[in-house]
Amino acid sequence: MTSNYEFEKEFREQILRCSRCGFCQAVCPVFGATLRPALNARGKMLILKEVMDGKLDLNDELIETLFQCTTCATCYKNCPSGVNVPEIIKLARKDMVRAGSCHPAFKGMNEVLDKHTNIYAEGEPEDFEREKNRQAENVYFVGCVGLYREDESTSATLDLLDRLKVDYTLIDEVCCSGVLEDVGYPIKDHLARKNIEGILATGARTVITGCPYCSRTFNNKPQYAELREKGIRIIHITQFLQGVDFGVQTDKRVTYHDPCDLGRHCGIYEEPRNTIRKIAPNFVEMADNRENALCCGAGGGVRGAYAKNSIAMARRRLDQAEAVGAEIILTECNSCVHNLANAKLRKQKFKIYNTTQFINELMEAAE
Amino acid sequence: MEMQGYNMPEDLYYEENHFWVKEEGDLLVMGMDDFAQVMAGEIVYVQLPDDGKEIKKGKKFAKIESGKWLGKVFAPVNGKIAGVNEELETHPGLINDDCYGKGWMYKIQPDDKGEMETLIHGKEAIEKWLAAEIEKYAEGE
């Protein structure tokens, strides 16, 4: 009998392959913050097996478990059976939406992106006092969080690009809408079209993104295929900056938080470290790093829908930074910066930056 | 004072972005009013500046967030931060539970307490302001 559900059609064999060993539970950030077995990957696979067996329906009862996953992929990287949980969850969420069950925050986000150009339903973003949409070698694509939540970090990043005399332009960008694919909805074609046209109009051959998720979306999603077909290179700022000699150093104890979207999802672990080691000889790794880095809790829509648990996850990550005596936590993602900064307690005296912002501060101080 | 479902004590002073202020000895205490906490929904983060931070009347000095909403906290008077409600660091939802009590946000050492008089106060003024605010937000929906 053919299943009604896309997740079953594509992933039935993988779900049945889950041996319930619990390796995922040991590394799941949602479980780590909530201690609820139904919320980790094994629990979710058991529930989806029950759905495939006809014992459960995809309905509102399952919103809390299926929509509470950061899609960080630590479970997948640690799964001896190779079960690709994030992709299964994303497809099950689409089935949930088709069945009429969705977390209201994500239903709202989908509606917001029908009417607005960003996930926060806000008006005009900062223009960062720079001319936009001009002819340039590179487009710097900021992303929603960098435009509306971490604009100071974005401003510093642009200052750094200016110091390095990079030929770039901003565009009248709109949300790449890739995040919708994580929460049960498709990318908005009209938003993708506006971004593609904006990028092509500048004549740029490279798009540098401040957001690793935007980079993933442009590089992988069919809605943005035109960019790739026209030979536009899409890279994250950490890739763009590796190899640059900044000529500054700090003696502070610095650690690095791997964003899931850059690390586990794109395999970019060494580029940021190569840069950081140059500017911070006193670099130290947290206990969980690279493929095993603990998620900050912001991904997969969890920051918007389950904010308290999201911040609890970030606190667990900050505990790891505290344990190695870090004075500075660097990362490469505005969502991570935002969530970690929200989670930081007053007694914790370390500072949290995007690497670009920190380098800019060092260069400014050296002038 | 109950106004169209919102609890707006008439003995408090109100900053136009919906922060209440009251005197406490030499200091002022401020927090978010009931209208704002209802509109914001579940508060998940409140920025708590260090003591001594200078604040300027009408200027943003902190951030506050619910799920997808980011709010700015505006200074009701000129002065300095003289204390913060550290409970909000781990329990920001106290603002939703008890915005005029356990959910207080900041203590301020004002440069001039007389600036309180520039804030919205008195039953009639509060009623007029809130009615206009309710209408404004209803239009925006």
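Here are some worked exercises on a predicted model with chains A and B.

**Exercise 1. The sheet of chain A**

Work out in which order the strands of the open sheet in chain A lie, and which of them are the edge strands.

Solution. 
- Start with β1(A) and look for its partners. Two bridges join β1(A) to β2 (168-169) of chain A, and these two run parallel.
- Check that pairing residue by residue. Asn138(A) has Tyr168(A) as its bridge partner in β2(A), while Val139(A) stands opposite Thr169(A).
- Now go to β3 (206-209) of chain A. Four bridges join this strand to β1(A), again in parallel. One pair to find here is Tyr140(A) with Ile208(A).
- The edges are β2 and β4 (233-236) of chain A, since each pairs on one side only.
- Finally, look for a helix on this sheet. Helix α13 (212-220) of chain A packs there and touches β1, β3 and β4 of chain A. The direction of α13(A) makes about 160° with that of β4(A).

**Exercise 2. Buried or exposed?**

Decide for Ala121(A), Leu35(A) and Lys165(A) whether each is buried, exposed or partly exposed.

Solution. 
- You need the cut-offs: 20 or more other C-beta atoms within 10 Å means buried, 12 or fewer means exposed, and anything in between is partly exposed.
- Ala121(A) sits in the loop between α8 (104-115) and β1 (138-141) of chain A. Its count is 16, so Ala121(A) is partly exposed. Leaving out residues up to four places away in sequence, Ala121(A) touches Val112(A) and His116(A).
- Leu35(A) is in the loop between α3 (29-34) and α4 of chain A. Its count is 10, so Leu35(A) is exposed.
- Lys165(A) belongs to the loop between α10 (151-163) and β2 of chain A. With 6 C-beta neighbours inside 10 Å, Lys165(A) is exposed.
- Take a look at the backbone too. Most residues other than glycine have a negative phi. Phi of Leu35(A), however, is near 55°, and Lys165(A) has a positive phi of about 60°.
- For contrast, turn to helix α19 (334-343) of chain A, where 10 of 10 residues are buried. Among them are Cys336(A), Val337(A) and Leu340(A).

**Exercise 3. The sheet of chain B**

Trace the six-strand open sheet of chain B from edge to edge.

Solution. 
- Begin at one edge, β3 (13-15) of chain B, and plan to end at the other, β7 (54-55) of chain B.
- Between them the order runs β3-β4-β5-β11-β10-β7, and the pairing is antiparallel.
- Zoom in on one pair: β10 (79-84) and β11 (106-110) of chain B share five bridges. In this pair, Gly83(B) stands opposite Lys107(B).

**Exercise 4. Where the chains meet**

Say how many residues of each chain are in contact, and which helix of chain A gives the largest share.

Solution. 
- Count both sides: 11 residues of chain A are in contact with nine of chain B.
- On the chain A side, α17 (302-305) and α18 (307-323) each supply at least two residues.
- The largest share, three residues, comes from α18(A).
- By class, the chain A side has six nonpolar, two polar and three charged residues.

Key
Residues are numbered from 1 along each chain as its sequence is written. Chains are lettered from A and ligands numbered from 1 in the order in which they are written. This is a predicted model: local features need pLDDT of at least 70, side-chain atom pairs count only at pLDDT 80 or more; totals for chains, interfaces and linings use all residues. Two residues are in contact if their C-beta atoms, placed from the backbone, lie within 7 Å. Two strands pair if DSSP finds at least two bridges between them. Ala, Val, Leu, Ile, Met, Phe, Trp, Tyr, Cys and Pro count as nonpolar, Asp, Glu, Lys and Arg as charged, and the others, Gly among them, as polar. Axes are lines fitted to C-alpha atoms, for helices over the stretch in contact, and angles run from 0 to 180 degrees between N-to-C directions.
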